[in-house]
Amino acid sequence: MSDLHAQTVPYVRESMVPQGEPPATERGAVKWMRENLFSSWFNAILTIIGLAFVAWVLMHIVPWFWNSIWFAGSLTACREIRDATWGAGAPSACFSVITDRWQQLLLGFYPSELYWRPITALVLFGVAVAPVLFTRVPRQLLWFSAIYPVAMVWLLWGGTIWPYLLVLAGFALGVPAYRIGAKAVAPLLGVVAAIAVPILFWVFVLPPLSGALSSALPIGLEAVPSRAMGGFMLSFIIGVSGIALSLPLGILLALGRQSHLIFIHAVSVAFIELMRGVPLIVWLFTASLLLNYFLPPGTTFDLTLRVVIMVTFFASAYMAEVIRGGLAALPRGQYEAADSLGLDYWKAMRLIILPQALKISIPGIVNTFIGLFKDTTLVVFIGLLDPIGLSNAIRATTDWNGIYWELFIFIGALFFICCFAMSRYSMYLEQKLRTDHR
Amino acid sequence: MSAIPDQPARDKFQLSQLIYDTRYRSLTIQIFAFMLLAIALFWLGRNTVINLAALGKDFDFGFLGQRAGYDINQSLIPYSSASSHGRAALVGILNTMLVAALGCTLALVVGTIAGVLRLSNNWLVAKIMTVYVEMFRNVPVLLWIIAFFAILNESTPSPRDFGENGDASLLFGSIAVTNRGVYIPRPTPLDGAGWAVWALVAIVVVSIAAIIVYRGYAKRQQQTTGRILPVFRVSLALFFAPAIIAFFLLGMPLSLDYPELGGFNFQGGIMMRNSLIALWLALSLYTGAFIAEIVRGGILSVSKGQTEAAFALGLRPSRTMNLVILPQALRVIIPPLISQFLNLTKNSSLAIAVGYMDVRSTLGGITINQTGRELEGMLLLGLFYLVLSLVISASMNFYNSTIKLKER
């Protein structure tokens, strides 16, 4: 065919024209805008509305931020500085309230000379949580993570060190109890012994022993009462304890709900539905108003501890439902495979079922964590001074009466950072644990 | 060759079988758990009885019939301080339902729009929606409620500004947004035209019934003959046309009662307190952010192949959406959506932050404080929320079972 072509075409080009630039509408910012902002008339309208909205928001916020006053003793002082600098009535944020009261918003009424303790606790929290979150951190640090909860309580609440050491000793006693029980009779008895021995130790041996040791060797930190705890620290304590405790409890409840043992199943379902069906705030009121009815007369029970327990129960019910979803999503073959390998129930769960089920439920679990952390603000209604409670208290002083947005923005930003970090971490974890081929 | 019996004979029962034999072990564990639970419950109950006796209280719901003696500023049914505590609780329940219903509706609208727009190929709009969703999801709802309440109280004019000297004016000439609340016109029947209003209501009910019948008919037509009847337009016409025609035929029996400034406050119209509006908006926008994510996830869960297959069959985009994408996406969307509605309903108990009189504030708040019946009050309150949740989740499970894929 080619020779035919050569004979019929009078002119064949021998040199190529150099490649030109793409047309102006098909490159650079113009192309991007045509594709992403103005691809159709409807999109163009949306873009214009969106631009107008953004401009409107920025017009209100930017001057307000730009004119903000960071150092003034009170709202009136703020207004005076504003009138002097920007003119009367100019929009101006008064972030002086944050620079004036940030310690209170973060740490509540914790004695200021002891601020090193919560700060140390926070730094150690980072150290303790790192090996749990990231596998690249040395595994030996997990031992520190295990004792950190007790260390944190001691650092924050203070008092002599003995009760805390004895609590740790109780856990340590559980190990030989399990070994002896398992060797002498059966693994089941070992488990029972491992649970019963520490509890008996804490109930009967710990109080007299720690009392004796404390009077003999009063080593410890200055005690700080619970009502001094407040601000973001309180939210953080309740949130972190709730998160740490609700995951194991939620797993147990989910397994209970999936269990073939009718009684265990019924109890789990009842607990989960009861907890989920009633708002947290009602549970918190129950904890603060009613708990004294259910305990032996004369029992006193720290309010913060009650709140932690209630929040944990509440979150664990949600957690159980999330994990149940993960358990149900696993193919039946996985359960059957575990059975056919001859694994007993706990081994099958620990080695085969739960690792997969938990992996599936990571987004839900982290969402529950985030929900729990946000719900810690509800403690303001039972009189604990969380950031929102403190913002009300700050507003009630004559200096800062009538200040809203600066406080809301500060508190909102604190929660936003924590919650956003958690959701990003869950995405990272999902990415890391993804084993399927894509 | 006879098979080796894998179960020992029954007559050789030994006590150790209770632990080692899987047939008996589950029973042992359950009986043990039952005993532990029974002991714990008995202990709690006994403590309660002792504590109640020590306080000189009894366990009695008679307080529900007593005179409440407190006012409720927003009530859907007639209520005065002379009414009983039981009626106060009912007012609270209705207020909870009101904010829950309003909130669920708005949250669904906001969430659907935001979820769809987040998937839009318009970069700017998608980003704005992302900012909205992340901002609302990661900040406690309580903070939002307080913030909205502050906005409404701080940035709206007081009723006085609507007077001769003020600079505020009514929205559309009929809606007054003030720092006490929003006043909207109230539809009121003309004198002696009460029957006509009921006739209108009856006509609307009949129209709805007709729409349902027509939809069933259209579906049967499609299944038997393949002919697709217009459903949406006809439904719309069936809903509005008879009512509007009847409205004019009956001589316009409804008029609007506009809010008017009288003295220091507005008279007439319906007043929606700022507490209600702040709670409503905050709950809807907060829940809307979660619903947006659910909607987005649901739409993304339908694989692209489904759309392409529908196009290959020659379906138009609107039919593809209605017949292929939505039925599959809804299956993913509905269950978490309902649980978000449940969350919204439960979060409405945060009304305490803005002083909205929901059931927690009446039954669980003032009534308890006045009568000292914490145990009974909290029990009733918990029961109300529990029943509400169980009813909603039961209906969800029912709906779920009707739309889920039928397998094996």
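## Exercises on a two-chain model

Set aside residues up to four places away in sequence, and B:Ala282 touches B:Val141, B:Trp144, B:Ile145 and B:Phe148 (two residues are in contact if their C-beta atoms, placed from the backbone, lie within 7 Å). This is a predicted model, where local features need pLDDT of at least 70, side-chain atom pairs count only at pLDDT 80 or more, and totals for chains, interfaces and linings use all residues. Residues are numbered from 1 along each chain as its sequence is written, while chains are lettered from A and ligands numbered from 1 in the order in which they are written.

**Exercise 1.** Find where B:Ala282 lies, and work out whether B:Ala282 counts as buried or exposed.

*Solution.* Start with the helix: B:Ala282 lies in α8 of chain B (helices are DSSP runs of H or I with at least four residues, strands are runs of E with at least two, and both are numbered from the N terminus). Next, count neighbours. B:Ala282 has 26 C-beta neighbours inside 10 Å, so it counts as buried (buried takes 20 or more other C-beta atoms within 10 Å of the residue's own, exposed 12 or fewer, partly exposed anything in between, with C-beta atoms placed from the backbone).

**Exercise 2.** Work out what chain A brings to its contact with chain B.

*Solution.* First, the totals: 47 residues come from chain A and 44 residues from chain B. Then the elements: α3 (41-66), α11 (262-277), α12 (280-294) and α18 of chain A each give two or more residues to the side that touches chain B. Helix α12(A) gives the largest share of that side, nine residues. Sorted by class, the chain A side has 34 nonpolar, ten polar and three charged residues (Ala, Val, Leu, Ile, Met, Phe, Trp, Tyr, Cys and Pro count as nonpolar, Asp, Glu, Lys and Arg as charged, and the others, Gly among them, as polar).

**Exercise 3.** Look at A:Phe420: which residues is A:Phe420 in contact with, leaving aside its neighbours within four places in sequence?

*Solution.* Find A:Phe420 in helix α18 (residues 405-433) of chain A. Its contacts there are B:Glu134 and B:Asn138, once those neighbours are left aside. With 16 C-beta neighbours inside 10 Å, A:Phe420 counts as partly exposed.

**Exercise 4.** Show which residues of α12(A) and α13(A) meet.

*Solution.* On the α12(A) side, take A:Leu280, A:Trp283, A:Leu284, A:Ala287, A:Ser288 and A:Leu291. Across from them in α13(A) are A:Leu303, A:Arg306, A:Val307, A:Met310 and A:Phe314. Sort the residues of this contact by class, and you get nine nonpolar, one polar and one charged.
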